[in-house]
Every structure is written in C-alpha cells, then in structure tokens.
Amino acid sequence: MKIKNSCSLRMTEKQKSLKRQKTSAFNASKALPNVPHLEIAVFMKTATEVGGDYYDFHVHMDGTLTVILGDATGHGMMSGMMVSIMKSLFMSDRTNKALKPFFENANEAIKDMQLGRLMMALTCVQISNNKIITTNAGMPPLFIYRKNSQTIEEVVINNMPLGAMKGIMYDIKEINIERGDTLLLMSDGFAELKNHNQEMYGYKRARNSFEESANKDPEEIITHLRAEAKSWTNDKEPDDDVTFVVIKVK
C-alpha cells in the first residue's frame, strides 16, 4: 500500500509539473499585442492537460491586427497536435494579410496530411482603423456590440472547418466598426456548458450575457462571462475548452 501511494504521489507531482510547464510555455507565447486604438483581453480554460483551443495575434507593419481563434476536433493529444499544426501554418504566413488564400491553403494543407476526421474550426478577424475583415470556418458567430445603438450584431459565415474537404472556397466579410464597439470571439465550449439538468447554456444566453456586460472594459466582460459559466455549471469543470477573446475599439 505504501509503494502504491508513493507511486501515486510521484505521478500526481509529475502531472502537476507538466501542467505548470504547459501553462508557463503557453502564457509566454501568448503576450497580448499593444495596439493603440484597441483594448484586448483573453481567457482560456482547457478541459484536459492538452487543450484543443488556440488563439494567436499578429500586428502588421501598417498597424492592422490579425486575430485568430480555433478549436480542434476532439480532445487530448490529437487535438493538441492539430493546434501545433495550425500554429505552424499561421506563423509561416502571418505577414500575409489576405485571409481568403490563407484559409484555402491551410485547408488544403491539413487535408493533404490525411489526418482522418481531425479538423480545425477557425475564425479570424483583421482590424484596421474603422473596419474589420473576417471569415469563419466552423466556429461560433462573431458578436459585435454596437455602442451607438446598444445592440448586438451577429456575424454568421457558414464555411466548413479546415481539413473537412478539398476545394472549399471561403467567404469573407468586410464590416465597418466605430469607437466604443466591442467584439467577442469565443469557442463553442461556453455555449455547450451544461447545468445539473444536462441543459446547454446555448448561444442565445451567450449573446444575452455579452450584451449585459458589453459596455464594460474587456477584462470586466470576461469576468462577467466566467461568472455566468460558473453559475450555470455550479462551478463544475467544463467538458470542453472555453476561450474568449474580447476586443474594444477605443
């Protein structure tokens, strides 16, 4: 019994150490960009030691900010492998501002890897002055809070996830934004949180929760969303990764 307990203790400490290493490496590579007219906040909670959600940023020479948020199919090591692939594809082409060829080339590359049913849902927003260019490959819609009208705009683009099938043409949208507007990008883990009755939180509640807090600064918005999630699940650990990227135009 003592030997078993000792082994269990060593395994627990090893797992904690790996988790600390993973968290440290993750945080080190995800410093938030400093863009003068934008205020940015991010939150990620993984359901397993190796998460399947992924976000990244790149500030171009002209000040344009590119933001991506992705969600790999599945959990654990396989989804973690897809995150590594997606990060490599983004890093190798991040100076190119053309979203359509990036999505189409990434889709072909992932499909050529013959990874079976492993795919990457991905949304991207480029922010430049008073407009955004965005596309979406199987992710939840982009929510935009319009300060002047105090309403939520839901941007839906029905493209398939990266790696789903070859030859997909990805649609792009261009949208005007104004000072005070706030963007919310999120993975599906938030809307799919379940309460004690196994009822999902859903996108309607997610939208309403964002609307309730959208006048606040990005960190406060995320605090509100996290509190909603905690209340809905009775502080139970999520079954899926939950990620928010909140951007306010100053």
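I take buried to mean under 20% relative accessible area. The model I am looking at is predicted.

**Entry 1: the whole chain**

I began with the totals. Of the chain's 250 residues, 46% count as buried. I counted up the secondary structure next and noted five helices and 10 strands. Then I looked at contacts with a separation of 6 or more: residues 24 or more positions apart account for 71% of them. The exposed surface comes to about 13200 Å², and carbon and sulfur atoms supply 51% of that area.

**Entry 2**

I then picked out one pair. Strands β4 (residues 120-128) and β5 (residues 131-137) run antiparallel and are joined by seven bridges. In that pair I saw C124 opposite T135 of β5.

Which helices pack on this sheet?

**Entry 3: helix α2**

I checked the length of α2. Its 18 residues should span 26 Å at 1.5 Å a residue, and the end C-alpha atoms are 26 Å apart, so the two agree. I listed its buried residues: G76, S79, G80, M82, V83, I85, M86, L89 and F90. They pack against β2, β3, α3 and β4.

**Entry 4: strand β10**

How many residues of β10 are buried? I found eight of the eight in residues 242-249, so the strand is largely enclosed by the rest of the structure. I sorted them by direction. V242, F244, V246 and K248 point one way, while T243, V245, I247 and V249 point the other way. I recalled that side chains in a regular strand alternate between the two faces of the sheet.

I looked for its partners. Strand β1 (residues 38-45) pairs with β10 in the antiparallel sense, over eight bridges. There, M44 has T243 of β10 as its bridge partner. Strand β9 (residues 182-186) also runs antiparallel to β10, with five bridges joining them. I saw M186 opposite F244 of β10.

**Entry 5: helix α4**

I turned to α4 (residues 202-213). This helix has 12 residues and reaches 17 Å from its first C-alpha to its last, close to the 16 Å expected at 1.5 Å a residue. Which of its residues are buried? I noted G202, A206, S209, F210 and S213. Seen down the helix axis, the buried residues of α4 fall within an arc of 120°, so they line one face. An α-helix has 3.6 residues a turn, so residues three or four places apart point the same way.

I looked up what this buried side meets. The buried residues of α4 pack against β6 (142-146), β7 (151-155), β9 and α5 (218-233). On the face turned away from them I found the exposed residues K204 and E212.

Note on methods: Residues are numbered from 1 along each chain as its sequence is written. This is a predicted model: local features need pLDDT of at least 70, side-chain atom pairs count only at pLDDT 80 or more; totals for chains, interfaces and linings use all residues. Side-chain values use heavy atoms; hydrogens and water are left out. Buried means under 20% relative accessible area, exposed over 50%, partly exposed in between (1.4 Å probe, protein chains only). Helices (H or I, at least four residues) and strands (E, at least two) are DSSP runs, numbered from the N terminus. Two strands pair if DSSP finds at least two bridges between them. The expected span of a helix is 1.5 Å times one less than its number of residues. The arc is that of the directions from the helix axis to the C-beta atoms. Contact means heavy atoms within 4.5 Å. Accessible areas come from the Shrake-Rupley method with a 1.4 Å probe; for residues, only the protein chains shown count as cover.
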